[in-house]
Structure formats: structure tokens, C-alpha cells
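Hello,

Here is the structure I promised to pass on. Please open it alongside this message, and my notes follow below.

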Amino acid sequence: MPRSPIDLTTRTCPNREERLRSVKAFYGDADELIGTAERGLPWRNRSFQQNGGCVNSSTMMRLATVRDAVVLSHAPIGCSAMIYGYREVYQAIPQAERPVADFHWISTNLLEQDMVFGGEGKLAKTIREAESRYHPEAIFVLSSCASGIVGDDLEGVVANLQPELQARLIPVHCEGFRSQVPQTGFDAFWHGILKHLANRPGKRQPDLVNLISPFSVTWGDRRELARLLGKLGLRANVVPEFASVADLRRVTEAALTVTTCQSFGDYLQKALEDNYGIPFVRDPVPISIDQTSDWLRRIAALTGKSDQVEAVIAEEVAAVRPHLENLRKQLQARKVRVFINAGQGRALGLPLLAQELGLEVSGISTLEHDELAVEGLKKIREKCGNFKVHVAEFQAAEQSAIIEALKPDVYTGCPMTGAVYKREAGMARMHSFRSDPSPEGQQFGFRGAITYGHVLLRVISNPSLNRQLGKASPKPYRRWWYEKNEPLKFVKAGSAA
Amino acid sequence: MSGASGGAVVAANEVQDANGDAQGPLEAPRFTCAFGGAYAATVNLERAIPIGHAGGGCIFQQVFGTNLAAGAQGVGYIGGSASPSCNLSEKEVIFGGAERLKEQVEATLELVDGDVYVILGACIPALVGDDVPSVLRELRSRVTHPILYVDVPGFAGNSYLGYERFLLAAIDQLLAPVPEKSPRLVNVLGVPPNLNPYWKGTLKVIRRVLKRVGVETNLVFGRGGGLAELQRLPAAALTLVLSPWLGVQTARALEDRFQVPWVRFPSIPIGPAATSELLRLVAERLELDRELVDRVIGEEQAEADHLLDVAGDTVAMLSPSLHLAVVADSATAVGVTRFMVEEAGFYPVLVVITDDPPEEAREQIRDQLGHLAYGLAPEVRFEVDTFRIQEVLKDRDYGLLLASSLEKFLAKEKKAFYLNISYPAHDRLLLDRTYAGFGGGAILLEDVFALLLEPF
């Protein structure tokens, strides 16, 4: 299906409901979901919902680690509550590799009177304050529900102030309510970066590869992937996590754009291709030995490195194969069934790693479904057989019911879906991602696969914590919920998005 | 960029006055919005079910903020992304969210097992003017479950306000006069869930110590509290506010509505001196048996004295009157400073108060910290903004910094020892930890000396 090119002259990106026809409510066999690839699925709402983030929260954390910049939250103070760890996250990077800079955020701290008189004056004041405190290269100005509803003119304030400031101002339209697909926030900040910050390239750097990596991909992963690209004679430009403003500026000069997550990278990849002719690799993401090898092959093909790539892969695979065999032998003997809850990149990547490690995939729960996921789903289907797919922005109750029915041996999931993991099945549990820079958090590339396998084996070897929690913790949902086994009971009939 | 070295000077006429204006732009204040405070109260009221009449991110933000930043709190019964929420979007912004709220409350009642259902109204419904009271009237005419509505748009103020609004809403909507007061029952207010990351252990210690003199406590929040304790607030003989200011509004409302007198103890009581004072205050107000109270204080004091005696050699050798800086909310800051200075020998340099207390409370705090024993008087600053807090800290000298995890790495630069005592506490798992009570000072010394002890 031909797509319309990304238009960077508009104020902001379109919402994903329209651009990708993303949906947020599905449960069934992978085969069924793959079967809908052509016609798509109708949007469905839920009468019962649990919180799972918004466009603003999807944006905030991803930009909060940009160095020599300030993330400015034009909002009440609560809209920046999730980034109280910003100083510690930065300081936790290994000393020898730590970039010289610090992270900063500031909130306009919108209050009652600003709702009455508008917050534009306070926004201008806060922008000046951000510049005078930190002299940043860039200031990301994030809108919110409150600033959007009272009608503050973000673009106007920014345009008025820009001439008197050293910092580049980047308005990001991420009102929480603007889209029911929080991932629209990814597109909103990429749009802002390309429109207001990126270089208009005269030159192309043929060895520069944009590597799109969100906050949830660890420092170790980043190091591993940059190392692999380095072996092909390519330089990784890792954005936006821990990127400098200069790194963000030069995205338009790269030879290629690759990503650790289809959903997270989509808008930047397409926008760079449509507006600057830079090709991209969407699938696969470099999780699992097999997919990392494929990932390198595709990159090599687009950067003129095909003659070198097989030697690099052979060397890397030879180094990890004994470890993989060892893990596989031990895990296979235990006949482990795994359930994976993660964002798109990991939800589509980890099943293949699980398969390589000798695990059976009982199901995945992923945040959204759209055309970006189809190739990945097909690949998993081919390698792992049929499996269950749940599409939901977490929706912990639905996951509880699904896990109660599937009874996996291990749940690998996001850190905040509490009531899911410890209650129902008494299974082992581990992270599907960590954001901290410790080596144990790694998953990507060849080395990450082995690290993840070791942690998995460890967790499966002693499920006592979650067994105990499963026995002792009260269940929050009424009994019928666990007996009925109808996870989509509160999902309403299809409607237009 | 020169963030760390340049940029330090804020023009005098710009943005903030010298004493922590909380109305202007803010970097990482030690609280979140009103919604966040009320949410923290709700998920820490046993078997209370939060329902966010809010965008999808309002509670999600708090998962990392008021949960993880408050000593790595897990999501518990129905917190984190399990908390029900209307996830309001553009449609509700344009057409109103009342229908969506009704639908969500009905579905939540059907699915989630709780004792009380708490609707938390965020920015969107307040700005688009949802008629929540009429939704409530309609729901309450049909369902038997208690439903509480708390109007806490983020722009209304900080999370201390949210804590207080939660309690005031409960007084309005859930509490009724009781036929008879319990003469030995005391309400404890002013120790907010998560905003004081040590709240659980602290409330438990207060319960234990008052029990020793025959007094029962309504703590409301935490295990064993819940709706029953909330509804028992009117039955108390006294409300005890453990803060120079937080909880006072609620205490006044309980007095007006249910004739429960109240008294303020202006800090978390840390160590034997403060805890004895607290006991005597309660004993006087409730006319407790003086002999019993004296005996309990005597026993507890002797135990604390013994522990201090054991620590004495080490404290005197390794940190003789070490210079101390404190960054915390007012109740914690006053309590910690008093113990460390008046009983453990530390030399107070600076106290930064981060919870934006009202003016009359500031006077009292200044007065209290300005008249410590032996004529010691630290500089007292009221600052809510992390940038400003760190500018002050960079400019002073101290060997021990008792503060929040935002200060952790600054302490390293200053070559000072750092221990978390206040929000945010991203660097500790806090389950039952507290420095409150007769024995709390000793635990504080244990934690401090775990940082700096070596053979000597």
C-alpha cells in the first residue's frame, strides 16, 4: 500500500489513529491478527480502562536524557513526575564513558491563575529562566492537556522569543489528550526535531548510521550495537537517548537509519527517507542471534559493506555459540513457556530470542498493533508456531485473565504492571526491559542475547519470590473475572477511530 | 555547555524571590501536583480503589513519581498501571467526560473488589467543566458502595494540597458524627503517604509508642487502616498533627464538624528527647496517668541512652561535631536536625526546607531551628526548586548531607557523606524504615555510620 510522504512543513505530525490506523484492543491467535494485515482492524474502546500513559508521558521520558538541552514541561508540575530520577540516571553511566554535560528539566508549574489568564507569559518567563540557568543548546517545549485546553500559543511564544535566545527552541505538541495512541508522542518530538533543529544537509556522511534507541534500551545495549556497527566501519549516531544536541542535528546527514523498535523509530525513519532520501531498516530489530545477523546484513547491503559482513557475523556468532548452546541445553530441559509483555520492538524481538534459547512462547502482550508489526509477527509465526497476541496499553486486568488461562512459567514484562505478575499464576518473573546501565540489563545484539539468557535461567531456577507473592497477595479483581476467561469483556464494538 | 559552572546567577529581578517562590517555574520540586498527592493517599488507603477521571498519563506519571521515587514502592493492590482510569481523550475534551466517568465507575464496581471507590478529578474535567456532582448523585442513588470524589486538578497546587483535599473530601462525603467519643483514641495527621517516603515506619512507631501509654491511634493510611479507620476519625478524643503545618486544615475541619480538638507537634519526633515531649503533650491533653507516662518515658530513655553510649566512642572519634546540612520537608528537617544537633553532637550549617510551608509556619520553623541547644543556629532556607537548592548547597561546606536522592551526586562532588532522609528517595528500598521514635535516632546513626565507618 503506497503511503503519503511525511510532511515536515506542518505544525505537528498526524495522530497514529489516522496515519497508521493503530489499534489498542485485540486478543487472539497470531494467525488471526496476521490475517487482518490488509484490511486493518477497527478502533475499539473499552468501558473499563486502566491507565497506561499518554502522548505527553511518552514524550517526556524519551527527551529527558538529551544532553546539553532542557526539557521544558509547559504544564502543571505533575506532568513531570516521572523523571525525578534524571540526575541519578545520568550519574549511573560508567564514569569513563560519561558525557560531559548534565540533564535538566523545568516546568512552567501552571497554576489556577494561569488557567484563567493563560500560561503564555509564564512560558516565556520559563524559557528565559531555562536559558539563563543552563545555557543549553536546545530547549524542548512540551505542551500538556492544561496548556492545550486553555489555548496557549506555543508556536507564537517560541517564534517571538527565538531571536533573543542562544538555545534553539523546539515546540513539541504532545497534549495528553490529542491521541489515544500514546506513541503519537514519538512522532511529535521527531517532527519537532526535524522541523526546528536538524541540519539542512549539504553533505552526507557515508559511514554515519542513525541508531534510534529509546530510554528503555540500556547503556550496555547501545555500546554493543555501536561496537557491531564499528566492526563494519560504520559510526553509530545514537538518538535520542543520551544524545547530544549535535547528534540530533546531524540525523539528516546519515547514510542510513536503523532502530531498536519499529514503533519508536517509524516517524524519523520515514521522514528522513521522504525528505532527505535516507534509506532505513525497520525489520528486524537486533534482538536474538539470528535477527542481529540479519540486521547487520541489511545494514551492510545499504552501506556498501556486504563483502565484509559475513566475516563479522561469523566471528561474533562463533564467540557466543558455546554460551548459547549451554543455555539452550539447560533451558530446553526445563520446558519453559514464556509470556512477553513489552513495547513493539521487544514484543517482536524477544520471542525469537526465547526460541533460540529453547523456550516456548505462549503469548505476547504489546502496546499497539498496526502495519509496523506485521513483518515481525510473521517471522515469529514462522519460527515459533502459533501463539496468542494481546494488544493493549498494559491493561493489567486483561493480562491477569490471559495469564490465568495460559499459565506460563515465566512472565517477562514491564516494571509497573504490578497486579498482573505476582498474583495469578505464581510464575517466575523478570524484566522485559530495564533502563539502568548495569550490564545485567542488556538484551540487544549478540552479547545481549547471552546476558538475557543467563538472567532468564537464573530466574527460572528460583521462582520463590513470585510463588510467595502469588500465595500471599490478595487479588484485586472479583472472582468471576478469573473464572470467566474473557479478557476483552469490557472492549466495546468496533467504531471509527 | 556550561550548565555546571556558568549559568549559576539568576538575575535578581527574574522569576523568584530569595525565599523559594513556589508560584514560578520549577525544576524538580520535592512534591508533585495535587492529583499526585491525592493518588498517593488513595492507593495507600487499604482497599481503596482509585479511579482517575483523568488522561491516561496522569496516574502513569505517578507510578514513577510517587511510587518509585518514594523508596521504590511497588504497585501494591491496585496501584501502578493497574489503577483504573478514564483515560480521557479529545472526544471528552470537546463533548465532556461525564458519560465516560459513569461508564468507568460502573465497570470498576463490577470488576474491582474494594471497600471505597475514589474518583480523582484531574485537569481535563476541571477545565472542560464536567458536572461530576450530578454523575455522583445518580450513581449514589443506585449503588451501595461508598464513592468518594476528590477534586484535584494538577493546577490547583502541590501534592500536599492533594493529601489535605483527600481528607477534607472524606470528611464531607464519608464521615458522620459518632454518638460517643473514645477518650483514648488519637487521630494522627501530617505524615503524608509517599511524600514522606518513611511514612509507613513512622506511623507504626507512633502507634506503638502511644499504645505503651494506653492510647489507640487512627492512622488511616497503611496496613490495618482503610475505610474503617477513616470513618472513625470523628470518634477520637484528639487529633495530633505531626508537622508545623501539614494536616492543620484537616484537623480544623474535624474540630468544626465533629468537635475533635487538635494539637500540633511541629516535627517528626526523632530520638528520645522529642519523643518524650510528644508523649507528654498527648498525656497532658488526654489527662493520662502521669505515673505510667513517666515510667514509659524513663524506660525508653534508658534504652536510647544505652544505645547512644555504645555509639559514643565511634561518633566522637570519627565525626567530632561534623558539619551537617539537611534538605527535607519541614517536619522531617526539624526532627532530624534537632536529634543530630542536640543529642548526637553534629554541627548544623544549613537546613533547606522544601515543602513550601505557609508564612506563619515558617516563622515557627525559623524560631525552632534558630534556638537549638548550646546556642547553635544553622542557616535556614526555604527553597522548592532543585536548581536553587543545589546552588545553595554548592556554596556551603559540610561533611554530612542528609537530603533527597537529587542531592546524592552533588554530595559526592562536595566530598560529603550523603544519606537519604526525604523525597525523592530513588536510592533506597523503603519498607518499614523510620528514624522516628525513641529508637529512631539510633537507627539514623547506624545508617550514617554505615557510610563513613572504617577501622580507627
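Below is what I found, starting with how the model should be read.

This is a predicted model, in which local features need pLDDT of at least 70 and side-chain atom pairs count only at pLDDT 80 or more, while totals for chains, interfaces and linings use all residues. Residues are numbered from 1 along each chain as its sequence is written, chains are lettered from A and ligands numbered from 1 in the order in which they are written, and side-chain values use heavy atoms, with hydrogens and water left out.

**Where the two chains meet**

Between chain B and chain A, 81 residues of chain B are in contact with 74 residues of chain A (contact means heavy atoms within 4.5 Å). About 6300 Å² is buried between these chains, and carbon and sulfur atoms give 59% of that area. Buried area here is the accessible area, taken with a 1.4 Å probe, that two parts lose on being put together, summed over both.

How many salt bridges are there between chain B and chain A? The count is five, where a salt bridge is a side-chain nitrogen of Lys or Arg within 4 Å of a carboxyl oxygen of Asp or Glu. A:Lys489 and B:Glu110 meet in a salt bridge through their side chains, at 3.3 Å from N to O. The interface of chain B and chain A also has 40 residue pairs in polar contact, both residues at pLDDT 80 or more. A polar contact is a pair of N or O atoms within 3.5 Å; within protein, one must be able to donate a hydrogen and the other to accept it, and residues adjacent in sequence count only if both atoms are side-chain atoms.

On the side of chain B that touches chain A, the elements giving two or more residues include helix 4 (98-111) and helix 5 (123-128) of chain B. Helix 2 of chain B gives the most, with nine residues. Helices are DSSP runs (H or I, at least four residues), numbered from the N terminus. By class, this side of chain B has 41 nonpolar, 29 polar and 11 charged residues. Ala, Val, Leu, Ile, Met, Phe, Trp, Tyr, Cys and Pro count as nonpolar, Asp, Glu, Lys and Arg as charged, and the others, Gly among them, as polar.

B:Ile124 is worth a look in helix 5 of chain B. B:Ile124 is buried, with a relative accessible area of 2% (buried means under 20%, with a 1.4 Å probe and protein chains only). Not counting residues up to four places away in sequence, B:Ile124 touches A:Cys145, A:Ile149, A:Phe177, B:Gly55, B:Leu88 and B:Val93.

**Inside chain B**

The domain assignment gives chain B domain 1 (3-173), domain 2 (182-290) and domain 3 (310-453), with bounds from an automatic or database domain assignment. The centres of domain 1 and domain 3 of chain B, taken over C-alpha atoms, are separated by 30 Å. Here 29 residues of domain 1 of chain B are in contact with 28 residues of domain 3 of chain B, and the area buried between these domains is about 2200 Å², 47% of it from carbon and sulfur atoms.

The rule finds one salt bridge across this interface of domain 1 and domain 3 of chain B. B:Glu407 also forms a salt bridge with B:Arg30, with the closest N and O atoms 2.5 Å apart.

**One residue in chain A**

A:Glu224 sits in helix 10 (residues 219-231) of chain A and is buried, with a relative accessible area of 3%.

Best wishes

Terms used:
Buried means under 20% relative accessible area, exposed over 50%, partly exposed in between (1.4 Å probe, protein chains only).
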